[in-house]
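Subject: Structure for your review

Dear colleague,

Please find the structure below, together with its sequence. My findings follow it.

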Amino acid sequence: MPYGGLDKKHVFFIYDVGGLFSQFAIKLSKQGHEVYYFTPFYENVTFKRYAIGLNIANVKKPLYFFQKLLKFKKEDVTLMFPDVGAGDLAHFLKQMGYSVFAAGLGDILEFHRDWLKKKLKELGLPVMEYEILEGIEEL
């Protein structure tokens, strides 16, 4: 199969919150797919945040995520959220009928580790010893 295990060329949108997963875009583009790599920059409007992923061969870098996404049929697109931080957006897009690869609302497990550990204990699963520190002085 010439498209990395897929029967045909596909459109991938990679929404990379931290700007750490450009290798996904590179790999998918080398497999012949149409790839859009987006790094949100709204909270800190600087070119540096947007620039992550610019000039990668055969990878498109949209300035506005939804403006580009809405030009495609839902069934022709797979959305990838390889990092945590946009779980609600990934969940919403999945509810809207898009194919989504993401932690989704599961990113609560990363952001609220104390809650996770309490839930694991409630379920009888092993949990390493830990303590919650508040403030830098407690480190």
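What is the volume of the largest cavity? The largest cavity has a volume of about 30 Å³. A cavity here is a set of points, on a 1 Å grid over the protein atoms alone, where a 1.4 Å probe fits but cannot get out. Grid points are joined across faces, edges and corners, and the volume is the space filled by probe spheres set on the points.

Please note that this is a predicted model, in which local features need pLDDT of at least 70 and side-chain atom pairs count only at pLDDT 80 or more, while totals for chains, interfaces and linings use all residues. Residues are numbered from 1 along each chain as its sequence is written, and side-chain values use heavy atoms, with hydrogens and water left out.

**Cavity**

The structure holds 1 cavity of 30 Å³ or more. Its lining (residues with an atom within 4 Å of a point) consists of Phe 81, Asp 83, Val 84, Gly 85, Ala 86, Gly 87, Ala 90, Ala 102, Ala 103, Gly 104 and Asp 107. By class, the lining divides into 6 nonpolar, 3 polar and 2 charged residues. In this scheme Ala, Val, Leu, Ile, Met, Phe, Trp, Tyr, Cys and Pro are nonpolar, Asp, Glu, Lys and Arg are charged, and the others, Gly among them, are polar.

**Nonpolar cores**

A nonpolar core is a set of buried Ala, Val, Leu, Ile, Met, Phe, Trp, Tyr and Cys residues joined through side-chain atoms within 4.5 Å. Buried means under 20% relative accessible area, exposed means over 50%, and partly exposed lies in between (1.4 Å probe, protein chains only).

The largest nonpolar core has 16 residues, and those with the most contacts inside it are Phe 13, Phe 65, Leu 69, Leu 79, Phe 81 and Leu 93. Two or more residues come from each of strand S1 (11-15), strand S2 (34-38), helix H3 (65-69), strand S4 (77-81) and helix H4 (87-95). Helices (H or I, at least four residues) and strands (E, at least two) are DSSP runs, numbered from the N terminus. Apart from this core lies another, of 10 residues, including Ile 26, Leu 28, Val 35 and Ile 56.

Leaving aside neighbours within four places in sequence, Phe 65 is in contact (heavy atoms within 4.5 Å) with Phe 13, Tyr 15, Phe 38, Tyr 42, Leu 79 and Leu 93.

**Aromatic pairs**

Rings of Phe, Tyr and Trp (its six-membered ring) pair if their centres lie within 6.5 Å; planes under 30 degrees apart count as stacked, over 60 as edge-to-face and the rest as tilted. The count comes to 10 aromatic pairs. One of them, Tyr 15 with Phe 38, is tilted, at 5.2 Å centre to centre and 40 degrees between the planes. This pair links distant parts of the chain, since Tyr 15 is in strand S1 and Phe 38 in strand S2, 23 residues apart. Tyr 15 is buried at 10% relative accessible area, and Phe 38 is buried at 1%.

Phe 21 and Phe 24 form another tilted pair, with 5.5 Å between centres and 50 degrees between planes. Phe 21 is partly exposed at 23%, as is Phe 24 at 32%. One aromatic cluster is formed by Phe 13, Tyr 15, Tyr 36, Phe 38, Phe 65, Phe 66, Phe 72 and Phe 81.

The buried residues of H1 are Ser 22, Ala 25, Ile 26, Leu 28 and Ser 29. Their cover includes S1, S2, strand S3 (59-60) and S4. Gly 32, with a positive phi near 100 degrees, follows H1.

Val 17 is placed in the loop between S1 and helix H1 (22-30) and is partly exposed at 23% relative accessibility. Val 17 and Pro 40 are 23 residues apart in sequence and 6.0 Å apart in space, C-alpha to C-alpha. Beyond neighbours within four places in sequence, Val 17 is in contact with Pro 40, Arg 49, Val 84, Gly 85 and Ala 86.

Asn 55 lies in the loop between helix H2 (47-51) and S3, has a positive phi near 65 degrees and is exposed at 80% relative accessibility. Asn 58, in the loop between H2 and S3, has a positive phi near 65 degrees and is exposed at 62%.

With kind regards

Methods
On a 1 Å grid over the protein atoms alone, a cavity is a set of points where a 1.4 Å probe fits but cannot get out, and a pocket is an open set with protein on both sides within 12 Å along at least five of seven lines; lining residues have an atom within 4 Å of a point.
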